[in-house]
Amino acid sequence: HCEFISERMTYTSAASRCAANGQETCKFTKLRDRKTNDCNIVGLYWEYFWNHEDTACNIMIKVNGDGGIAIVHQPENTLDENVIEHLQENSPNFFFVNWKDGMFPNQSNGCGNGACGVVGGKCFCKTIVFEEPVWKELCLIPSTSDEILSNLYIGNVSPDTYDAGEYDPPIRHGEVKLYRRSGSDIGSVHTIIEVVSYGRIMHFKNIRSQVYVENVDGSTSNYSFRNSPHFINFLDQYARDAYYETDAVLDHYFYHKNTAPFLSFRFIQRFGISNPSPRFIEVVTTAFKTGKYQYKDSFEYGSGEYGDLGATVAAIILDREARSVVLDADPSYGSLKEPLLKLVGFMRAMDFQPFPDSPEIKIEDVDIRLGQMAHALPDVFSFFLPEYSPPGPLHVASLVAPEAQLCVTPFIIGLLNSFLSMSKWGLSKCYSGLGPKTDGSCHLPEGNFSKSFGNLTFVPAHSEGEKMVDELATLLTAGRLNIKSRR
């Protein structure tokens, strides 16, 4: 006589419903078939069972030494085999919660001064959930979206989904809207608060749900944590809910207040400026958040939507900090060139031409010799850390140079050897080259490209030594080679 699939209720409620239909409840511990209601048969729906009315059925938590908790729901005198695995006493499914003031029951404080028992080196605690309004009067409710988002954590469906008359028309309160449930006070837990953040319309309950550790005498202890919302039911675990929760987590990360400056800093670094100024980061962050970038009051880029990459990139490459030639005189400006980009830049500047019978350029062992190769990242953190600061003047000045993490002796020598080999014998394996291996000996005179798959064809525009060096300095160092080195 369920009103809907997977309906759960207390034993007393079930007995009353059965009695109203002229039936009695089964004395079962396991249920196999909802249609036949066969009792005491191990089968498909083993996680559903009744408990006697006089047995304890507390929702408990198991707290480890780091403050992580695992939910335990094992009714008194119930065997492990009758409890779903992730709710058993030996469950290893710990997760972190936001403990008030960072304090939680542990071995050093006697598991909450005796409030909790000790099982297997972990604190086992009974819990009580208290729910109350965050704001109890209209005058206390903040009028800005940021303040609402900083205090409310439990979402609600749109008021439009309720039956007509369930909620009164909205009350405009600064940047937010308040929906009062008919017959309830504006300061009740039923009030729905609507905010708009980065183009998203979101609804929250005016509710604070706090989980307290229960003392032995049934009172609440001083240990508590915010009740974490979740999408996945403890018993009926559907893939659909996992998708919803994954979407919610991704949205949380994407719209987090730290995401825009975090990405802006790294985008700027990848565009060649390792140490952007706070002003530059703020400009790019604003473009990412607003989805717009105005250039010299004449051109506007972006769709106006949060996270617009067109506006973000425009803010990076058109900002004065990216375009001013005056900054070229600052030795800390710009960034080091990655080894792979040095190799590609060298081949382009020196007019590398593959041979007709092997038009595709093939390079090998680049990650071993140079420390870097396209699509061969050693891990998700790329080849170097964005905050890496090499020892020396840069570190003393609190500046970073991510690419310097690859500037170690073996990779530097490997890069120079590859340049030398390509200049003298073309793209080959000979003499620490990066080309594919070929049969035969590498004992060849300079300029013999018979073992190579292409060679450098650059011809200087000038025959004079000084002008030739200037041209090479422009092509290979963007003109940064100092006068002393040119001589």
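The dialogue below goes through some labels given to this predicted model and the values behind them.

Guide: In this predicted model, local features need pLDDT of at least 70, side-chain atom pairs count only at pLDDT 80 or more, and totals for chains, interfaces and linings use all residues. Residues are numbered from 1 along each chain as its sequence is written, and side-chain values use heavy atoms, with hydrogens and water left out.

Visitor: Why are α9 and α12 called roughly parallel?

Guide: The axes of α9 (residues 339–349) and α12 (residues 409–425) cross at roughly 20° and come within 11 Å. Angles under 35 degrees count as roughly parallel, over 145 as roughly antiparallel, 65 to 115 as roughly perpendicular and the rest as oblique. The pair α9 and α12 is therefore roughly parallel.

Visitor: What makes α6 and α7 roughly antiparallel?

Guide: Helix α6 (residues 278–290) and α7 pack at an angle of about 160°, their axes being 8 Å apart. That angle therefore makes α6 and α7 roughly antiparallel.

Visitor: How do you know that D319 and R279 form a salt bridge?

Guide: A salt bridge is a side-chain nitrogen of Lys or Arg within 4 Å of a carboxyl oxygen of Asp or Glu. For D319 and R279 the closest N and O atoms are 2.6 Å apart. The pair links the loop between α7 and α8, which holds D319, to R279 in helix α6, 40 residues apart.

Visitor: Is D319 buried or exposed, and why?

Guide: Buried means under 20% relative accessible area, exposed over 50%, partly exposed in between (1.4 Å probe, protein chains only). D319 has 4%, so D319 is buried. R279 has 25% relative accessibility and so counts as partly exposed.

Notes. Axes fitted to C-alpha atoms, helices over the stretch in contact; angles between N-to-C directions. Helix = DSSP H or I, 4+ residues; strand = E, 2+ residues; numbered from the N terminus.
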